[in-house]
Each structure stands twice: as structure tokens, then as C-alpha cells.
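Please look through the model with the notes below beside you.

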Amino acid sequence: MLHHIAIVGSGPSGLFCADALLRQRPDLKIDVFDRLPTPYGLIRFGVAPDHQGTKAVTRQFDRLFGSGSLRFIGNVGIGTELPLARLMETYDAVILALGAHADRSLGIPGEDLPGRYGSMAFVGWYNGHPDFRDIAPLLDRPAAAVIGQGNVAVDIARLLGKTAQELAASDLTAHAMAALGSTALTDIHMIGRRGPVEASFTTAELAELGRLENLRPVVAKADLPEALPAGLDPAEARVKEKNLALLHEFAARTDEKPVKLHFRFHSAPEAVLGTGRVEALKLKGSDAPLSTGTVISAIGYRTETQGDLPRANERGLLENDEGRIAPGLYVVGWAKRGPSGTIPTNRAEAKAVADRILADYNGDARPARAGSDAIDALLKQQGLAAIDWAGWKRIEAAETAAARQGAPREKLADWTGLRQAAAG
């Protein structure tokens with residue numbers, strides 16, 4: 001009998017899955033675990049701080065947690081502090097919504113030099129993730145290189161080029177606001193191994209780059225085809241056509257602004273150069289290294305797990321059959337399919353996994369496990385100081401109260417501060 005479910009990870013994929021389950025089975029009791037004291041995963045720590053509209057989906061999840069069928073259990077690491085095996089013994093089904101939190105390696109010499117950052121760490125730093133609060137990125141040279149030409153790379157380049165006034169209404173953390181406001185940047189290079197047609201940024205994000213107060217996109221007209229190649233999927237072609245038109249507009253611009261964003265297509269990094277820190281980037285096919293004091297790689301993520309959680313395969317995914325890893329154990333989101341799509345992309349996939357779970361348990365006659373009725377005692381027995389929904393709401397209230405004028409919140413970005421705020 002399916003009655004008690006645990007979801008490991010409180011990001012959009014796990015919560016969309018919880019929503020889909022409860023719509024069909026409102027009698028279910030679902031506990032959502034997270035290693036962090038705060039919910040919402042990718043929405044809180046991945047979505048750019050100047051894209052507040054994208055974060056509005058949390059209102060739907062707030063209502064879900066207020067329904068009485070869904071509980072938040074934060075500040076508990078599943079697989080390490082609390083073994084997955086204990087969850088499997090306590091719940092009828094366990095869903096892993098772990099996301100993908102490890103940067104893919106560039107695999108080139110010099111990538112460990114100070115001044116080279118993966119986008120998970122860099123985005124986590126400016127978004128207030130407590131694991132990355134203190135990385136103190138080096139932004140003291142005139143040029144920075146962002147490797148990758150997807151939306152994450154665009155987010156990073158945009159935030160590097162925005163003024164303090166443009167960021168005032170965002171929830172960019174105070175430490176990142178101070179650092180970005182004092183950079184010496186005059187040139188940002190966005191480097192991609194493919195051409196402008198193959199680049200994976202979306203039109204809305206690309207268009208934003210053309211509207212910044214102090215930044216001008218720079219594109220070489222010679223890099224741009226006049227038309228798209230034949231044979232593209234019609235929906236894909238519409239997006240590519242809009243992107244290409246925007247890039248042609250950028251190539252035609254001659255206005256002067258303090259910061260230039262250079263699109264470098266058909267380029268790939270060969271080595272990060274420097275003595276004691278990043279000083280340059282060697283690109284394949286180029287004799288002269290690109291002078292830069294900062295290199296940020298935004299080339300994708302992979303799932304990595306610890307303790308008794310299943311290990312990812314060579315593609316950085318958890319092996320599964322349409323969401324099922326083993327009897328009673330499921331996976332959803334980036335750990336299932338890889339880091340792709342937008343926040344709403346997770347909704348349909350999460351519903352499909354929810355349907356699979358309900359179908360697997362249809363007609364199952366086994367007695368329900370203790371689930372929520374037993375987990376509090378188990379947490380106490382293990383000496384784990386879980387943070388519940390009320391604790392999160394105290395964190396949220398503290399962040400709202402500390403917000404600068406015009407901003408929605410000032411995120412607490414260190415473990416001690418988060419735990420103290422949760423305790424009240």
C-alpha cells in the first residue's frame with residue numbers, strides 16, 4: 001500500500017512530483033528532505049537574482065506545503081547523516097530529486113589556478129549558497145572569460161556587466177553586490193566551441209544583453225550566416241531565427257559603452273595560463289593567448305552522490321527505467337535526465353514519474369510503512385537537528401527584514417546564520 005513517501009531534494013522537480021502525486025492521491029503523506037536549511041533548490045540558488053519573475057513559482061509550492069500533506073525537513077543530509085537505507089525502511093517509496101551540483105571539468109591544464117571557477121560555485125556565490133559564500137572570486141583584472149554559450153553563461157555575463165542600479169531590485173547578495181560593484185572589467189569574452197546557430201541560449205536571455213546600460217554586445221559579422229541551414233525542426237528554427245536576427249543587430253552596433261561583451265564562436269579553451277593565478281586563456285587555433293584574470297566555465301553539470309546514495313553513471317545520471325531505479329526507489333529531474341530545460345520543463349517529467357509510481361503500487365497489498373509517524377523519532381535518535389517549515393519561515397522573515405530598499409530579500413548566506421535564524 002502506498003501512503004508514506006519521502007522526496008530527497010526540495011527543488012522544482014521534487015516539488016512538481018509531490019504536486020502531481022497529491023492531485024491524484026490527496027491522502028498521501030509526503031516528507032521532503034533537504035541538506036540545506038532552505039527549500040527550493042535550483043529556484044533559490046540557480047535562477048539569476050535579477051529574474052524575480054521566474055522565482056514566482058515558489059508561491060505554488062508555498063501553498064503545497066501549507067496543505068498539511070507535505071512536510072519540509074531541512075538541514076538533514078540523506079545518504080550521509082541519515083542513510084538512504086533508513087528512509088527505504090521507513091517509507092513506502094523514496095524519490096531522489098537530487099539535481100546536478102557538480103561542475104563538469106574542462107579537462108585542460110591550469111584549470112585549478114586561482115581565478116578559474118565553475119559556474120556552480122560562481123552562481124552559488126552570488127546567489128547566497130552557504131557552500132560558496134566565501135570563494136571571493138578574483139575580479140580585479142580588465143578582462144574575464146566565460147566558457148559556454150548557454151543561458152547560465154549569459155546570466156553570468158549579464159551580471160558581470162550590470163550596474164548597481166540595474167541590480168537594485170534583485171536579490172543579489174550584499175557580498176556579491178559589493179564585489180561586482182568594484183570590478184575593473186572592461187571586456188567580457190563569451191567563448192563557445194560551436195557556431196551562432198548551434199549556441200544554446202534562448203532568445204529572451206540573449207535580448208537582455210542588448211538592453212544593458214553599461215554593456216555592449218560585440219559580434220563579428222563574419223561569424224554570422226545570413227540564413228539558417230535547411231532541415232531544422234520548425235519549432236527549433238523559429239528560436240534560432242530570432243537569435244540570429246539579434247546577433248546581426250549586435251554586429252551592426254557601433255555605440256560606445258564602458259564594458260564590451262565579445263561573442264567568440266568556434267573557439268575552445270586549450271589551457272588556462274598563469275603563475276600563481278589566472279593570467280590568460282589559450283584557445284585552440286589561436287597563437288596569441290587571450291589576456292584575462294578570471295575564467296568561469298559554464299559547460300554543464302553532473303550528479304555526484306555520497307554515502308549510500310546510488311552512484312551516477314559516466315554521463316552524470318542515476319541509472320533508471322523511466323524514473324524507477326529499484327523497487328521503491330525513484331529519480332526525477334536533472335539526476336534522471338541531465339541538466340536541461342527551464343523550471344517549467346520539470347513539470348511534465350515530474351508528472352510522468354508520479355504516474356509511474358502510482359502505477360507500480362496499484363493493487364499492492366503490503367501494509368503501509370510508518371513514514372512520517374516514525375521519522376521524527378529516527379531523526380532524534382540520530383541526533384539530527386532538522387529544520388521544519390516554521391524554521392524556514394523564520395529564515396524567510398529575517399531575510400525580508402534585512403533587504404535593502406527595493407529588493408525582495410537579503411539572503412542569509414552562511415550555515416551558522418541560517419541555523420540561528422531558523423531557531424528564532
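1. Phe65 lies in helix H3, which covers residues 58-65; please keep in mind, here and in every later point, that this is a predicted model. With a relative accessible area of 6%, Phe65 is buried, because buried means under 20% relative accessible area.

2. Which residues are in contact with Phe65, leaving aside its neighbours within four places in sequence? They are Leu15, Val32, Tyr40, Leu70, Arg71, Phe72 and Trp389. Ile108, by comparison, is 43 residues apart from Phe65 in sequence, and the two C-alpha atoms are 45 Å apart in space.

3. His129 has its place in the loop between helix H5 (119-126) and strand S7 (143-147). Is His129 buried or exposed? Its relative accessibility is 10%, so His129 counts as buried, given that the cut-off for buried is under 20%.

4. The surroundings of His129 can be described in two steps. A polar atom of the His129 side chain lies 3.0 Å from the backbone nitrogen of Asp131. When neighbours within four places in sequence are left aside, His129 is in contact with Arg35, Leu36, Phe45, Gly124 and Ala413.

5. Helix H5 also packs with another helix, H6 (residues 151-161): the two axes come within 11 Å and cross at roughly 45°. The crossing in which H5 passes H6 is left-handed.

6. On the H5 side, the contact with H6 is made by Ser119, Phe122, Val123 and Tyr126, and on the H6 side by Val152, Asp155, Ile156, Leu159 and Leu160. Sorted by class, this contact of H5 with H6 has seven nonpolar residues, one polar and one charged.

7. How do helix H1 (residues 12-24) and helix H11 (residues 345-361) lie, and at what angle do they pack? Their axes are 8 Å apart and the angle is about 50°, which means that H1 is oblique to H11. The crossing of H1 and H11 is right-handed.

8. H1 contributes Pro12, Ser13, Phe16, Cys17, Ala20, Leu21 and Gln24 to the contact with H11, while H11 contributes Asn346, Arg347, Ala350, Lys351, Val353, Ala354, Asp355 and Leu358. By class, the contact of H1 with H11 has nine nonpolar, three polar and three charged residues.

Key
Residues are numbered from 1 along each chain as its sequence is written. This is a predicted model: local features need pLDDT of at least 70, side-chain atom pairs count only at pLDDT 80 or more; totals for chains, interfaces and linings use all residues. Side-chain values use heavy atoms; hydrogens and water are left out. Axes are lines fitted to C-alpha atoms, for helices over the stretch in contact, and angles run from 0 to 180 degrees between N-to-C directions. Helices (H or I, at least four residues) and strands (E, at least two) are DSSP runs, numbered from the N terminus. Angles under 35 degrees count as roughly parallel, over 145 as roughly antiparallel, 65 to 115 as roughly perpendicular and the rest as oblique. A crossing is left-handed if the near helix is turned anticlockwise from the far one by less than a right angle, and right-handed if clockwise. Contact means heavy atoms within 4.5 Å. Ala, Val, Leu, Ile, Met, Phe, Trp, Tyr, Cys and Pro count as nonpolar, Asp, Glu, Lys and Arg as charged, and the others, Gly among them, as polar. Buried means under 20% relative accessible area, exposed over 50%, partly exposed in between (1.4 Å probe, protein chains only). A polar contact is a pair of N or O atoms within 3.5 Å; within protein, one must be able to donate a hydrogen and the other to accept it, and residues adjacent in sequence count only if both atoms are side-chain atoms.
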